[in-house]
Amino acid sequence: MQRPRVRQPLIAVLGHVDHGKTSLLDAIRGTRVAAREAGEITQHVGASEVPVETIRNICGRLLERFKIELNLPGLLFIDTPGHEAFTNLRRRGGSLADLACLVIDINEGFMPQTLESLTILKTYRTPFMVIANKIDLIPGWQIFPRSCFLESFMKQRPEVQHALDEKVYELVGKLHELGFESERFDRVSDFRRQVSIIPASAKTGEGIAEILAILAGLAQRYLEKELMVEVTGPGRGTVLEVKEEVGLGKTIDVIIYDGVVAKGDLFAVGGLDKVITSRVRCLLQPKPLDEIRDPEDRFNQVEKVYAAAGVKIAAPNLEGAVAGAPFLVIKDIAAAEKLWQEMQQELERVRISSDITGVVLKADTLGSLEALEGQLQAKRIPIRKADIGDVSRRDVIEASTVGKSDPLLAVVLAFNVRILPDVQSEADREGVKIIMDNVIYRLLEQFEDWVKKKNDEVRAKRLQGFIRPGKIVIKPGYVFRRSDPAIVGIDVLGGVVRTKVPLMNKWGKTVGVIRELQKDKRSVQEAKLGDELAVSIDGPMIGRHVQEGDVLYTDVPRDHVLALKRDLRDLLSGDELSVLDEIITIKQKIDPTYGVM
């Protein structure tokens, strides 16, 4: 009788940017995927298999110490591009992740994405452990490459041991605040109730043995019902990536989380516009300890694949298949209709097309699109359109329409996609900004920087339409013409004075309008604090309406003063604000409501 096959647990790796998620898997695999990733940060969901023999070899006596008898085929790590992908994969495939590793830089502690990851783990009730990474950067830490953490820890000086324990208990305290009881893994009394914290270093390999041992132990002890069953039935999974491979044509990388996929099987996979049906021509699995997205060696051809596994499938007619879509082995073509209904619901949830004033979002995969949507929505940034594919003229037109009502949202965010020919020139003509990057957090940083810069430009332009506070004095002995227009020499005592701006005296009475400003015999449009220049003023007669030595102010209308105070105050200089206060004081003697919001 054939021995029943059991599913290996799927383990998600979450954490803040740069805290070492992929580097930890590198330490387990002995490869360097992270160094080849864009920005050294994982951007697509990947899968890495660690066979049971490797776990035994790495963990050694630790398994005996923790009384773990391995009967799993291994561990399958899913390396996510952030917590959004974890949520999305779980939504599409039920409980896709059996366990999670939350990676935290022990020296930096909790960061925004750490907290968001924890919220999601709590929401989905996913068991997890904390990996306190980068212990090698603790001052004074003596490195013992690839050692067990406990062995390395015992060889450290007392003050270094104390420093590490302090950092661990800072994590314990923060987790307690967030509703989780935790402890360093070797001091845990109840693994079901307490979160294990495993200090480790991806760089030196210290603590890797404990990570694998505790994960395997937790999976076997607490997920027995989910894992200890025979893997049978049609294969079901999620597409990670669609790739063109030399000699194979279009292929799909798939995480199989349920059932079996065999060579020759009929299957259905989701596309953007239809469900695609085909037959498996070739099943390719990466060699154990490699990474399905980035194999350093050739694949192994196999006849069957049992869940849980990462597999590359070569088959005809895969054009149009989309990353993030469901995959299902089917008995006949009619069964594909059910998958298409499922896929349509998924696409309707992810793709956005609306008439609201918001940004346009383009990405290469469903997972990337969802990750970006989640981050933008968390920042309360509205989305007008979100779809998969390269940036097209239609996207620019959508963004241009938005720009007419809100120039700060006249933008196309493009993640890991191209700009189609002539689209950039169209965007330049329409005043649309296209921001591109292949690292999610960097794309959002660029957008935020652009919004800030654009906002300053928009507000500065708006400021041009207001009469700004200004204060001048007519210099005695510098009257060149008494009227029609009066021409005098002035000093600017504060603020900004411009042509075509009305002037008032210290009692709030309008005395004339500036016709022209001249500095060094050249006309200028404005003058600021410290400037000496000649000014022509329509309206007054010097000696009758205005005297030499008089101080005059720009006559700022009521609605202008309110807008300057409420919306543009930070764009005014200190001396402008001071002059504005003087103007308000003068005006309130005539009208107590002037300048009152």
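At what angle do the axes of helix α12 and helix α15 cross, and within what distance do they come? They cross at roughly 40 degrees and come within 11 Å. The model is predicted.

**Helix pair**

Helix α12 covers residues 366–378, and helix α15 covers residues 440–463. Angles under 35 degrees count as roughly parallel and 65 to 115 as roughly perpendicular, with oblique for what falls between. The two helices are therefore oblique to each other. The crossing of α12 past α15 is right-handed. On the α12 side, A371, L372, Q375 and L376 make the contact. On the α15 side, the residues are I440, L443 and L444. By class, this contact has six nonpolar residues, one polar residue and no charged ones.

**Sheet**

Five strands form an open sheet with mixed pairing. Their order is β18-β20-β19-β21-β22. β18 and β22 stand at the edges. Each has a single partner strand, so one side of each lacks a neighbour in the sheet. β18 runs antiparallel to β20, and two bridges join them. S353 stands opposite K385 in β20.

Helix α13 packs on this sheet. The helix spans residues 393–405 and touches β19, β20, β21 and β22. Its direction makes about 170 degrees with that of β20.

| β18 | 352–353 |
| β20 | 383–388 |
| β22 | 433–437 |

Notes:
Residues are numbered from 1 along each chain as its sequence is written. This is a predicted model: local features need pLDDT of at least 70, side-chain atom pairs count only at pLDDT 80 or more; totals for chains, interfaces and linings use all residues. Side-chain values use heavy atoms; hydrogens and water are left out. Axes are lines fitted to C-alpha atoms, for helices over the stretch in contact, and angles run from 0 to 180 degrees between N-to-C directions. Helices (H or I, at least four residues) and strands (E, at least two) are DSSP runs, numbered from the N terminus. Angles under 35 degrees count as roughly parallel, over 145 as roughly antiparallel, 65 to 115 as roughly perpendicular and the rest as oblique. A crossing is left-handed if the near helix is turned anticlockwise from the far one by less than a right angle, and right-handed if clockwise. Contact means heavy atoms within 4.5 Å. Ala, Val, Leu, Ile, Met, Phe, Trp, Tyr, Cys and Pro count as nonpolar, Asp, Glu, Lys and Arg as charged, and the others, Gly among them, as polar. Two strands pair if DSSP finds at least two bridges between them.
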